[in-house]
Amino acid sequence: MFFPSSSADVNDWDTAFFDLANVPSVSFRSKSGQTLEISQDSKHAESSGGVIWETSFLLASLFESKPDLLSRVRPHSTEVSQACRPLSVLEVGAGCGLLGLVLAHMGFRVVLTDAETATLRNLNGNVQRNSAGLATETLPCAMQLRWGSEEDVHTVRARVPTGFDVVVGTDVLFATRLVEPLLWSIWSLSSEHTDVWMCMQIRCADSHALFLETAPRFFEELVDESHLLLDVPSATFAAELGCLLFRLSKRVIGAAAR
């Protein structure tokens, strides 16, 4: 089943996404000309990463329509190798991997992460299946990242020792106990140049409130960029489903505020 390519093709977005969540695989036509085949694995009830969430499709569509939102973070450098390298992107809570794979096909160097073993098996398969034709320097990879795990953070950080240029996450606020570990993990994998983009629906009001309260301990800026979602022509459901978008930039301090 294909993602709708136009809002004109959809009468009821809730029904459309329900139908998409109940098929074994979903096809997504990217603006790069590639058709991504994303397998879903909804039988693992303990994990929310087995299906593609609405906000993953939404953020992928936004970045495809406004790629300058990502390219603006490149730090100034006098080294040609640094200035020309692909920007590095970390996806937290990648699930099936749609967003990260779209970014890989846009020319970014993407590391897709999740915590659950079952989710990672499906994610690895999607990464391998959809990497054909990509340049060596932009081949994506899937890694385990359990939020709050210093071991996992160290392993992922080894991929980009200076910190990722961009961090993205969709619908990752669903349990209060995970909010601070998530923010600490993102903080630890960022640099002073990093932009963090988080797209979400309010699925847990307490988690959302705690996110707004806790984020300033780790990040200098927390900006509501939800208005950008209204400009995505293929995703008029953003307002209908109450989707939000936040951009965070890192506070430069000596140690994370754990």
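Predicted model: local features only at pLDDT ≥ 70, side-chain atom pairs only at ≥ 80, totals over all residues.

Student: Is glutamate 225 buried or exposed, and what is its relative accessible area?

Tutor: Residues are numbered from 1 along each chain as its sequence is written, and side-chain values use heavy atoms, without hydrogens and water. Buried means under 20% relative accessible area, exposed over 50%, and partly exposed in between (1.4 Å probe, protein chains only). Glutamate 225 is therefore buried, at 11%.

Student: Which side chain meets glutamate 225 in a salt bridge?

Tutor: A salt bridge here is a side-chain nitrogen of Lys or Arg within 4 Å of a carboxyl oxygen of Asp or Glu. The partner of glutamate 225 lies 3.1 Å away, N to O, and counts as buried at 10% relative accessibility. That partner is arginine 247.

Student: Which residues join Asp171 in one network of salt bridges?

Tutor: The side chain of aspartate 171 meets that of arginine 203 at 3.1 Å, N to O. Aspartate 171 counts as buried at 10% relative accessibility, while arginine 203 is partly exposed at 38%. Through shared partners, the network joins Asp171 with Glu54 and Arg203.

Student: What is the N to O distance between arginine 146 and aspartate 152?

Tutor: Arginine 146 is partly exposed, with a relative accessible area of 37%, whereas aspartate 152 is buried at 6%. Their side chains meet in a salt bridge, and the distance is 2.7 Å.
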